[in-house]
Amino acid sequence: DIDEKKCLKVKNAIDAKVVLGNGASQRVLQQIDMTTIDYFLALTSLDEINLIASKTAKSLGAKKVIARLRNTEFSHKDAVLSPSDFQIDHVSYPERAAQQEIEKLIRRTSAVEVIGFNNDKITLLGIKLENSSPLVGRTVRNVKLANPFINHQAAVIYRNDSSFIPHNDTVYNRDDVVYFASRTDDVDSIQQLAGKPAFNVNNVMIIGAGKIGRLLAKSLQYDYNLRLIEKSQDKAEKYNASLSNTLMLIGNALDPEFLESESIYDMDCLIAATQDEQTNIMCSLLAKDYGVKQVIVHISTTNYIKPIRRMGIDAIVSKNLSAVNEVFKFIHTDQQEIEISRFEDIDIDSIELEVMPDCKFLRKKYTLNDLPDSICLGAIMRDDKNIIPNQKTNIKEGDKLLIFLKPEYISRVENIFQ
């Protein structure tokens, strides 16, 4: 990195060799024996640096190259230059990932997080349990027995700033954020079950005409009544013409009088997506005070995640966390030949693996009751079917399993099924 303070901070915090210098400089990169590098990650905020660094590293012998890019034009089908021209093996587009995550939340109101698996046929849905939720005070087993036609798994519970895998005797508490695994077609029923039914969104306000705000506006402007607030007049005028169905407003989103003049009371959803996370947090708190039904905040660092959860803001999205999780998934899936996803904000992994014919589970004729409490079998993908398992479900050779667990249990699960 070119920032001396950042280099010193990293040097003191983690076990890594730190080089002060420009990542796009051949002279700097030649200080490293690239033939020993399995994964080269170019993750600066400048596309040009990442592209040049990636090409140079691959030419010097790095085995796999991962790059972060902000500009999505490189992924267009008619692009003159594509990432492969720079010998990049995997590209992360953090702003686009954040945009897609926010869109899922808007279309699945009442959720704090929506994650898709198996081409979005299976959904992991995070819901915060209010005091009025019919689940509060009941066990996981009791809720399943009382609702046999709503197939779901309580995969993860986030409680008191930490997460754990629940078991059948776990009692749901007020303010728990529960992550339910279900077929995507059953998500509406899950929301009803948790006492947080979806509501219709018509009026949406986006704060900030940065990359994320513009991507969202471009995608949502024909489906919702959309207002985009931007503080900079130059930026607002620059992008106004390309967002023909969006009402572009110039003003300070932290000014209550301005918000009231723009009918903040009538908004169903507000997305705070400026490039300043303190501004986003303050905007979100104002919106909650004005009674906006769904408030989504974008943050850049992980420092504020726990306090924001306690503040009662509906959903948190971070482009940087999206990038970290995506890079983690690529590296670990590439290394272990099973699909591993990392969810840094709740400290949980998911793995997708195939049941091998001579695995321990089948050899010893285990049942689901024999699986350790430290893991949750969220779903079974069998041929074209997506099965949410119950105690009577059998696991067969060739099944693909979706399992949620803490990272330290991955090798144990592989030992059972592979």
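Which residues point one way from strand S12 (residues 269-272), and which the other way? Cys-269 and Ile-271 point one way, Leu-270 and Ala-272 the other way, and all are buried. Buried stands for under 20% relative accessible area, exposed for over 50%, and partly exposed for values in between, with a 1.4 Å probe and protein chains only. Strands (E, at least two residues) and helices (H or I, at least four) are DSSP runs numbered from the N terminus.

The model is predicted: local features need pLDDT of at least 70, side-chain atom pairs count only at pLDDT 80 or more, and totals for chains, interfaces and linings use all residues. Residues are numbered from 1 along each chain as its sequence is written, and side-chain values use heavy atoms, with hydrogens and water left out.

**Strand S12 and its partners**

Two strands pair if DSSP finds at least two bridges between them. S12 runs parallel to strand S9 (residues 203-207), to which 4 bridges join it. Within this pairing, Ala-272 in S12 is the bridge partner of Ile-207. S12 is also joined to S13 by 4 bridges, again in the parallel sense. Here Leu-270 stands opposite Val-295 in S13.

Lys-293 lies in the loop between helix H10 (277-289) and strand S13 (294-298). Lys-293 has a relative accessible area of 46% and so is partly exposed. Contact means heavy atoms within 4.5 Å. Apart from neighbours within four places in sequence, Lys-293 is in contact with Phe-199, Met-267, Asp-268, Lys-288 and Asp-314. Met-267 is 26 residues from Lys-293 along the chain, and their C-alpha atoms are separated by 7.6 Å.

**Two open sheets**

An open sheet of 5 strands has the order S15-S16-S19-S17-S18, with antiparallel pairing. Strand S15 (339-343) and strand S18 (385-387) stand at the edges with a single partner strand each, so one side of each has no neighbour in the sheet. The twist averages 15° from one strand to the next. Axes are lines fitted to C-alpha atoms, for helices over the stretch in contact, and angles run from 0 to 180 degrees between N-to-C directions.

Strand S19 (residues 400-405) is joined to strand S16 (residues 348-354) by 6 antiparallel bridges, and 6 bridges also join S17 to S19, which run antiparallel. Phe-404 in S19 is the bridge partner of Ser-350 and of Cys-376. Glu-354 stands opposite Lys-400 in S19. S19 is mostly covered, with 5 of its 6 residues buried. Helix H14 (residues 410-417) lies across S15, S16, strand S17 (375-382) and S19, and runs at about 20° to S16.

The other open sheet has 3 strands in the order S1-S2-S3, with parallel pairing. Its edges are S1 and strand S3 (90-92), each with a single partner strand, so one side of each is left without a neighbour in the sheet. Strand S2 (residues 64-68) pairs with S3 over 3 bridges, and Ser-92 in S3 is the bridge partner of Arg-68.

**The largest pocket**

The largest pocket has a volume of about 2,000 Å³. The closest to its centre, of the 44 residues that line it, are Asp-1, Val-10, Leu-41, Leu-43 and Thr-44. Helix H1 (4-13), helix H2 (26-29), strand S1 (39-42), helix H3 (47-59) and helix H12 (319-336) each give two or more residues to the lining. On a 1 Å grid over the protein atoms alone, a pocket is an open set of points where a 1.4 Å probe fits, with protein on both sides within 12 Å along at least five of seven lines; lining residues have an atom within 4 Å of a point. Grid points are joined across faces, edges and corners, and the volume is the space filled by probe spheres set on the points.

The lining divides into 25 nonpolar, 13 polar and 6 charged residues. Ala, Val, Leu, Ile, Met, Phe, Trp, Tyr, Cys and Pro count as nonpolar, Asp, Glu, Lys and Arg as charged, and the others, Gly among them, as polar.

Most residues other than glycine have a negative phi.
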